[in-house]
Amino acid sequence: VLEWFKNEFAETGKEGKVYELFNKRAKNIPAGSNGLLFFPHFIGSTAPTYQSAARGAVIGLTLSQNKYDVFRSIMEALGTQK
């Protein structure tokens, strides 16, 4: 999911520091990603049972959010936000 996000939303020419930039911006966004909820099931879900039909989603997206809010919601969904 993070690789997909980087490929779709990262600035070109900053390949080496993409995650550093996103982490730096996302750490200033409050927990809860300004109301975004992200489901990272891009290739199905695995827990508690595998469901191949499961799909990913961003819920609560408005025009007031940006790619850093989405990145933060991904990190929260994956349990990797510090």
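Let's start with the side chains of Ser33 and Glu76, which are joined by a polar contact of 2.9 Å. By polar contact I mean a pair of N or O atoms within 3.5 Å, where within protein one must be able to donate a hydrogen and the other to accept it, and residues adjacent in sequence count only if both atoms are side-chain atoms. Before I go on: this is a predicted model, where local features need pLDDT of at least 70 and side-chain atom pairs count only at pLDDT 80 or more, while totals for chains, interfaces and linings use all residues. Residues are numbered from 1 along each chain as its sequence is written, and side-chain values use heavy atoms, with hydrogens and water left out.

Back to Ser33. Its side chain also reaches the backbone nitrogen of Ser73, at 3.1 Å. Where does Ser33 sit? You'll find Ser33 in the loop between helix 2 (18-26) and strand 1 (37-39); helices (H or I, at least four residues) and strands (E, at least two) are DSSP runs, numbered from the N terminus. Ser33 has 0% relative accessibility, so it counts as buried (under 20% relative accessible area; exposed is over 50%, partly exposed in between, with a 1.4 Å probe and protein chains only). Leaving out residues up to four places away in sequence, Ser33 touches Gln65, Asp69, Arg72, Ser73 and Glu76, with contact meaning heavy atoms within 4.5 Å.

Now, the helices. Helix 2 packs against helix 3 (residues 67-78) at an angle of about 95 degrees, with the axes 9 Å apart; axes are lines fitted to C-alpha atoms, for helices over the stretch in contact, and angles run from 0 to 180 degrees between N-to-C directions. That makes the two helices roughly perpendicular, the word for 65 to 115 degrees. On the helix 2 side, the residues that meet helix 3 include Leu21, Phe22 and Arg25, and their partners in helix 3 include Tyr68, Phe71 and Met75.

Last, the rings. How many aromatic pairs does the structure hold? There are nine, a pair being rings of Phe, Tyr and Trp (its six-membered ring) with centres within 6.5 Å. In one of them, Phe22 and Tyr68 have ring centres 5.3 Å apart and planes at 50 degrees, so this pair is tilted, as planes under 30 degrees apart count as stacked, over 60 as edge-to-face and the rest as tilted. Phe22 is buried at 3% relative accessibility, and Tyr68 is buried too, at 12%. Both belong to one aromatic cluster, along with Trp4, Phe5, Phe9, Phe38, Phe42 and Phe71.

Methods:
Angles under 35 degrees count as roughly parallel, over 145 as roughly antiparallel, 65 to 115 as roughly perpendicular and the rest as oblique.
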